[in-house]
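Hi,

Here is the structure I promised to send over. Have a look at it first, and then read my notes below.

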Amino acid sequence: MLKYLSELSSTYYGPLRVFESITFRGALALVFAFVFTVMIGPLFIKALSGLRILENVDKPDSLTLEKLHKNKKHTPTMGGVIIVISILITTIIFAEPTNPYIVMAIFSLLSFAGLGFIDDFVKLRKIGKSNGLSRKIKIISQIIIALFISIALSKVGDHRYLSKLLIPGTKMNVFFPDLGILYFPFFILVIIGSSNAVNLTDGLDGLATGCTIIVAFSFALMTYFVGHAEIAKFLRIPHVAYTGELTIFCSAMVGATIGFLWFNSHPAQIFMGDTGSLAIGASIGFVALAIKQELVLLIIGGMFVWEA
């Protein structure tokens with residue numbers, strides 16, 4: 001949105017063209033998301049506490065884990081709503097909202113956040129239980145959403161690379177296998193795997209949030225490189241046009257999670273719940289697929305992979 005306004009205003013005042021720069025808008029998005037999250041965080045924590053939306057922790061099998069988790073039972077949860085709102089508002093303001101990759105990134109974020117919200121809600125309403133939705137329902141729902149996103153990506157993605165798999169550290173014209181019809185199952189696997197990996201990591205104070213900051217920042221750089229023709233050519237990586245705007249989305253995620261870490265670090269004042277973890281994981285998985293860096297995700301998101 002800010003880019004459109006700058007294009008209109010720069011006719012009368014040239015310096016406003018700085019807002020057309022992805023790097024400048026990315027930096028602003030990071031700062032804005034951080035400040036916004038820190039500002040609304042206390043309000044959400046107070047509201048969630050008032051509504052008794054509190055963590056429901058089962059007794060762990062390990063005595064060590066019991067000591068770590070014993071004080072978490074009355075901590076507000078579903079704090080992922082804060083992260084999702086912050087990313088959404090920041091992306092709409094600083095990114096190009098009609099960019100197809102931004103539209104799909106937002107859809108990935110909101111659809112999995114909605115699924116996580118339902119799962120968290122079911123957990124809170126099941127007295128004496130904290131299982132949420134059944135695994136079967138959750139997986140089927142994730143497959144349907146991921147399939148929808150994969151079809152959308154197949155319509156707008158760069159068909160030179162869409163069904164191909166880049167092996168990190170190799171020239172793209174040396175080792176670039178084509179997955180063929182296996183593209184759609186692979187896409188679904190990446191989305192669901194990434195989403196659930198972040199979800200599984202969300203257990204200790206600040207763990208999933210801290211890991212997300214590292215992964216999102218790394219992908220903020222990579223989306224810029226892949227979206228920039230000259231840099232992509234120099235690095236010998238695929239150039240996927242229009243994916244540069246995803247730098248704003250990833251920067252917003254970095255800022256939002258840094259802000260959330262302010263409240264989520266030990267001792268945690270709030271947990272993100274499935275609302276945040278499923279949304280973050282799915283969004284990261286989508287970005288990796290959009291810029292053809294799926295296998296890099298396994299390296300950068302090593303902690304998520306290890307937990308899974």
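Let's begin with R236, which counts as partly exposed because its relative accessibility is 46%. For that label, buried means under 20% relative accessible area, exposed means over 50%, and partly exposed is in between (1.4 Å probe, protein chains only). Before you go further, note that this is a predicted model, where local features need pLDDT of at least 70 and side-chain atom pairs count only at pLDDT 80 or more, while totals for chains, interfaces and linings use all residues. Residues are numbered from 1 along each chain as its sequence is written, and side-chain values use heavy atoms, with hydrogens and water left out.

Back to R236: you'll find it in the loop between α9 (229-235) and α10 (246-264). Helices here are DSSP runs (H or I, at least four residues), as are strands (E, at least two), and they are numbered from the N terminus. R236 has a positive phi of about 60 degrees although it is not a glycine. Y242 sits in the loop between α9 and α10 too, and its phi is also positive, near 75 degrees, in a residue other than glycine. With 62% relative accessibility, Y242 counts as exposed.

Now for the charges. A salt bridge means a side-chain nitrogen of Lys or Arg within 4 Å of a carboxyl oxygen of Asp or Glu, and by this rule there are six salt bridges. One of them pairs the side chains of K123 and D274 (3.2 Å, N to O). That pair links distant parts of the chain, with K123 in helix α5 (residues 100-125) and D274 in helix α11, 151 residues apart. K123 is partly exposed at 21% relative accessibility, whereas D274 is buried at 5%. D274 also meets K138 in a salt bridge (3.5 Å, N to O). Here too distant parts of the chain are linked: K138 belongs to helix α6 (residues 135-156), 136 residues apart from D274 in helix α11. K138 counts as buried because its relative accessibility is 12%.

Another salt bridge joins K292 and E294, whose closest N and O atoms are 2.8 Å apart. K292 is buried, at 5% relative accessible area, and E294 is buried as well, at 3%. As for networks, salt bridges that share partners join D119, K123, K138 and D274 into one.

Which residues of α11 does α7 meet? They are D274, S277, L278, I280, G281, A282, I284, G285, F286 and L289, and the α7 side includes F186, F187 and V190. Contact means heavy atoms within 4.5 Å. Helix α7 (residues 183-201) and helix α11 (residues 273-290) pack at an angle of about 145 degrees, with their axes 7 Å apart. Those axes are lines fitted to C-alpha atoms, for helices over the stretch in contact, and angles run from 0 to 180 degrees between N-to-C directions.

Is T91 buried or exposed? T91 is buried, because its relative accessible area is 1%. This residue is in helix α4 (residues 80-94), and it touches I102, I106, F249 and A252, not counting residues up to four places away in sequence.

Last stop: V35 in helix α2 (residues 22-50), which is partly exposed with a relative accessible area of 37%.

Cheers
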